[in-house]
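Please keep the model open while reading.

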Amino acid sequence: MKTAVLEPHLETKEAAQNRRMQALPVPSPIPIPWPILSGSRFRIWMQDPSVGEPGLHLIYLPGFVFDGPRDARITTDLPSITPVHKNVQGDFTFPYGTPEFDCAQTFCVTRMTLNMYQRMLGGASIPWAWNTGGITDPVTVSPRAGVTPNAYYSRSQKALKFFYFTPSGATAPVYTCRSLDIVAHETGHAILDGLKPGWLSGGNPPQTGGLHESFGDLTAVFLALSMFDQVAAAIALSKANLHDKSLFIAAIAEQFGMALGFPQGLRNADNNLKLSQVGNEVHAISQVFTGAIYDVLADIFAFEKNRQAATKDPAAVLYEVSANLCKLLLQAIKAAPGIGATYADVVNKMLSISHAQGDPPIYRTFIRNQFALREIVVPAVPLKAVHEGSMNWDDPNFVEGKDILKLEAHHHAADRAVQNRSTCCGTMQMPEYMLNDPKLMETGIGLTDDDVLAPELKALAKSFK
């Protein structure tokens with residue numbers, strides 16, 4: 001018995017549609033290269049091995065990271081194990097204590113620091129000091145550069161070097177590369193040298209050197225506060241009090257400091273130092289500026305936390321306040337003089353930029369009062385018995401005054417002294433910066449082109465003219 005076949009004009013609409021669909025070829029998906037989709041993961045110390053909370057965390061870096069690790073801006077140097085290879089998932093997650101872990105950690109924190117500041121500038125590339133004339137050479141990061149209690153940035157070597165040492169009486173060495181604070185601090189020197197190449201010269205006033213060291217310490221503080229889990233941990237540990245003395249955010253390089261006999265860290269951003277107390281020693285001077293910025297952060301956070309108590313979690317408030325203050329400071333530094341910059345130069349730029357971008361006037365009151373309290377600027381109106389450490393706008397002694405955008409510098413005898421860098425980090429003690437001429441040193445030859453990185457390197461060359 002034959003099956004009846006409908007004539008085309010008698011075929012149902014549904015049957016016709018099915019017949020046409022069966023005749024169409026099945027499209028094959030076009031594979032997308034994995035680096036575009038995945039980026040790379042790293043396991044790092046969020047502070048250092050001596051800080052139990054927050055400990056080791058997994059960090060994600062978007063973009064191209066190749067064996068080394070290396071990318072267009074940063075490469076690594078680990079003797080006997082170069083390059084360090086990523087796993088099949090494209091990640092650099094290694095057991096703690098291994099050379100590979102140290103290499104991955106140091107690359108990751110360096111890249112996180114550069115990313116943070118470039119995002120503050122709307123994604124614009126920040127050059128290394130030698131990125132002139134279209135040269136795109138990266139910085140080379142050495143996590144185990146040798147045995148000494150030190151770490152430094154060198155412009156002439158185009159390098160960030162991190163050393164290790166065994167403290168007296170200890171059985172295990174301390175690796176500076178395992179401290180987020182130390183890596184961020186030294187990367188901060190490199191970033192600031194790219195933005196202000198005239199500031200590293202020893203021929204500048206003491207406060208210019210202080211700005212360099214302070215920028216390094218503040219970079220560590222702001223980097224920690226750029227990670228929301230760190231912010232949430234800080235809020236929980238301190239009950240939203242940035243002046244809680246146990247808070248890990250303010251302590252700089254805890255493990256390194258402990259090894260040298262400083263239980264609260266190598267330095268502490270939550271301090272009450274004034275310029276009249278520190279002379280011309282650059283590290284001591286730096287702590288005055290660092291402390292003032294930290295107090296401004298605490299003041300703005302306390303104000304916004306109270307103002308937004310019903311609508312926003314304190315961790316979200318601190319995360320936003322920190323990012324905004326970091327951006328304001330970076331913009332003020334960019335606008336400051338290229339040589340011989342003083343603290344007052346940066347403070348006045350902060351005031352004018354804050355006003356221009358429409359910040360609440362009380363923000364500038366916090367800035368004026370805190371820097372006047374540190375004897376950096378002369379107050380616009382007499383400061384009465386204001387609280388040491390943090391302003392309280394409900395206190396009758398709190399001074400608000402007019403929204404003045406330019407203040408006179410408070411002058412000290414040490415302003416005319418030669419910089420004393422005797423206790424500075426390795427960066428400030430490098431012979432190459434002890435010159436009176438703050439011009440850039442000679443630069444070298446660029447990177448070898450990589451097929452994947454070539455477009456980024458070409459774009460960098462254009463922006464680094």
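The points below are grouped by topic.

This is a predicted model, in which local features need pLDDT of at least 70, side-chain atom pairs count only at pLDDT 80 or more, and totals for chains, interfaces and linings use all residues. Numbering starts from 1 along each chain as its sequence is written, and side-chain values use heavy atoms, with hydrogens and water left out.

**Strands**

- Helices (H or I, at least four residues) and strands (E, at least two) are DSSP runs, numbered from the N terminus. Two strands pair if DSSP finds at least two bridges between them.
- E3 (residues 74-76) pairs with E4 (residues 139-142) in the parallel sense, over three bridges. Here Thr76 stands opposite Val141 in E4.
- The chain passes from E3 through helix H3 (residues 99-120) to E4, a left-handed β-α-β crossover. A crossover is right-handed if, with the strands pointing away from the viewer, the path from the first strand over the helix to the second runs clockwise.
- E4 also runs parallel to E6 (residues 159-162), again joined by three bridges. Val141 stands opposite Leu160 in E6, and Ser142 opposite Lys161 in E6.
- E5 and E6 are antiparallel, with four bridges. Tyr153 stands opposite Leu160 in E6.
- Four residues lie between the strands in the E5 and E6 hairpin, where Lys158 takes a positive phi near 55°.
- Ala159 and Lys161 point one way from E6, Leu160 and Phe162 the other way, and all are buried. Buried means under 20% relative accessible area, exposed over 50%, and partly exposed in between (1.4 Å probe, protein chains only).

**Helix H3**

- H3 has 22 residues and reaches 32 Å from its first C-alpha to its last, close to the 32 Å expected at 1.5 Å a residue. The expected span is 1.5 Å times one less than the number of residues.
- Because 19 of its 22 residues are buried, H3 is largely enclosed by the rest of the structure.

**Backbone and loops**

- Most residues other than glycine have a negative phi, and most peptide bonds are trans.
- Gly68 and Pro69 are joined by a cis peptide bond, with omega about -10°. Pro69 sits in the loop between E2 (56-61) and E3.
- Lys239 is not a glycine, yet has a positive phi of about 55°. Its loop runs between H6 (228-238) and E9 (251-252). Lys239 is exposed, at 76% relative accessible area.
- Ala240, also not a glycine, has a positive phi of about 65°. Ala240 is found in the loop between H6 and E9, and is buried at 12% relative accessibility.
- Thr148 lies in the loop between E4 and E5 (151-154). Thr148 is partly exposed, with a relative accessible area of 29%.
- Thr148 and Tyr175 are 27 residues apart in sequence and 9.8 Å apart in space, C-alpha to C-alpha.

**Cavities**

- On a 1 Å grid over the protein atoms alone, a cavity is a set of points where a 1.4 Å probe fits but cannot get out; lining residues have an atom within 4 Å of a point. Grid points are joined across faces, edges and corners, and a volume is the space filled by probe spheres set on the points.
- There are four cavities of 30 Å³ or more.
- Residues lining the second largest cavity include Pro206, Leu275, Ile285, His412 and Asp415.

Key
1 Å grid on protein atoms, 1.4 Å probe; cavity = no way out; pocket = protein on both sides within 12 Å on 5 of 7 lines; lining within 4 Å.
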